[in-house]
Amino acid sequence: MSPTSSSPMAQLFSIPARRQRYLDVEAALALAQADLGVIPHDPAQQIAATAHLHLLDAARIDADEVRTAHPLMPLITELARVVGEPAGGWIHWGATTQNVQQTADVLGLRLALNLLTAQLCDLLDALTVLTERGAELVMAGRTHGQQAVPITFGFKTAIWVDAMLRHLERSQQLRPRLLTAMMGGAVGNFASLGDIGPAVQRRVAERLGLTPMPLPARSLSDPFAELVCLLGMLAGTGSAIAGEVARLMANEFAEVGEALGEGDVGSSTMPQKRNPKKSAAVIALSAQIRALVPLALEAMIHSHEVEGARTAMMDAALEQGCVLSGELLTLLTEVVRGLELYPERMAANLQLSGGLINAEAVMMQLAQKIGRGEAHEVVHHAAREVAIRGAGAGFLEVLSHDPQIQAELSAQELTQLLDPASHTGLSAALAHETSARARRAVEHVREQLNDEHLENRL
């Protein structure tokens, strides 16, 4: 699966959307400068009233872009033509191309970040529901590919929730550093506007709902790299979740399954196949997103006061990262919402080792009688005997015939200790607690998004 140009995220980065944001910044700049007496009031009003893409000639702009090989001047020229003189002569006063483009791109990134945050909230909603469903469902916990101790499925998914909550938190912490207006001129030192330059930048930021860059140098791009790094980490967690789903779908485990669509075909030659298609797509998208992180870090390394190649590299990393992340979150949410759980197979897998999965429980109980070190040695010896004889021998049988264990633990105690449900620790409690924490966090973030949407409309 690949991101489509018709997706809401992709549309944010379309040429018309970008051009309108450039015009929004040009209008804010003119009005801010008029507020401060830098340019006359009436021309500023005319510029702002005309700065709408539908009022301009798109074909003329396109042709001029081919002729000039410049991303912004054709738009400024067309705006000036439609505004007319003398007002047109005040457009883009004291600004450089990157001032307008970067500030406009930040407006786009704000929308993109809002979309991604809303999608992340939807994913967390789905994960909390899944976590509650599996909070009490006992299964094998595995470390290094081997059965370790029993857990509940809800504990497993609570780990996913916890990681996604930190990504949600990072997305909010990033906003003040990312959502800034830059109006420092050619190199960022306000040479063209002088002492009033910082005030102009502040007023532009206010009009656009941004904050002013403390130092508007054109080579400062670490907030953009930070966003790409965040998307890379988010993609990493997404791939871990999808990979685990795919593994647990394997016939050897068969503990979960992606929802099967009507008419779904797993293989052209193997009718029985039920492939983890959406999980595989998430893994593929994640790899593409994570590959953008080195590009974004490379794009931070400017020579002198700015380097166009680095700016272009960062632009590519940001656009691709946002579009691909939107697609990843959509697919991953579908996987989580539709995930089927198979408790019978989980229970059967718990018995594969003949009781060895509860060896820690036996050891801890025995340790209270003979000390931890000695208990570990005794239980380890019994476990090795089961491994040599095969799981069919049964851990309970081997333990019951060990003189040291017989002297300290009754057959009834051993039977209880080897019940997987008796040794899940706080799995269920942690699942419920994490779900509740996630619901509170999502509710808070959604309120912030709604407040921002209201402010933007007003």
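Me: Which residues have the most contacts inside the largest nonpolar core?

Reply: In soluble globular proteins, nonpolar side chains tend to be buried together. A nonpolar core here is a set of buried Ala, Val, Leu, Ile, Met, Phe, Trp, Tyr and Cys residues joined through side-chain atoms within 4.5 Å, where buried means under 20% relative accessible area with a 1.4 Å probe, protein chains only. The largest has 107 residues, and Phe153, Met164, Leu227, Val256 and Cys322 have the most contacts inside it. Helix 6 gives the most to this core, 15 residues; helices (H or I, at least four residues) and strands (E, at least two) are DSSP runs, numbered from the N terminus. This is a predicted model, in which local features need pLDDT of at least 70 and side-chain atom pairs count only at pLDDT 80 or more, while totals for chains, interfaces and linings use all residues. Residues are numbered from 1 along each chain as its sequence is written, and side-chain values use heavy atoms, with hydrogens and water left out.

Me: Which residues does Leu227 touch?

Reply: Taking contact as heavy atoms within 4.5 Å, and not counting residues up to four places away in sequence, Leu227 touches Leu109, Leu113, Leu174, Leu178, Leu318 and Cys322. A second, separate core of 20 residues includes Ala367, Ala382, Val398 and Leu399.

Me: Which residues of helix 13 are buried, and against what do they pack?

Reply: In helix 13 (residues 343-350) the buried residues are Met346, Asn349 and Leu350. They lie on the same side of the helix because they cover an arc of only 105 degrees around the axis, taken from the directions from the helix axis to the C-beta atoms. The elements they pack against are strand 1 (138-143), strand 2 (146-152), helix 7 (153-178), strand 5 (256-257) and strand 6 (340-341).

Terms used
Buried < 20%, exposed > 50% of the residue type's maximum accessible area, 1.4 Å probe, protein only.
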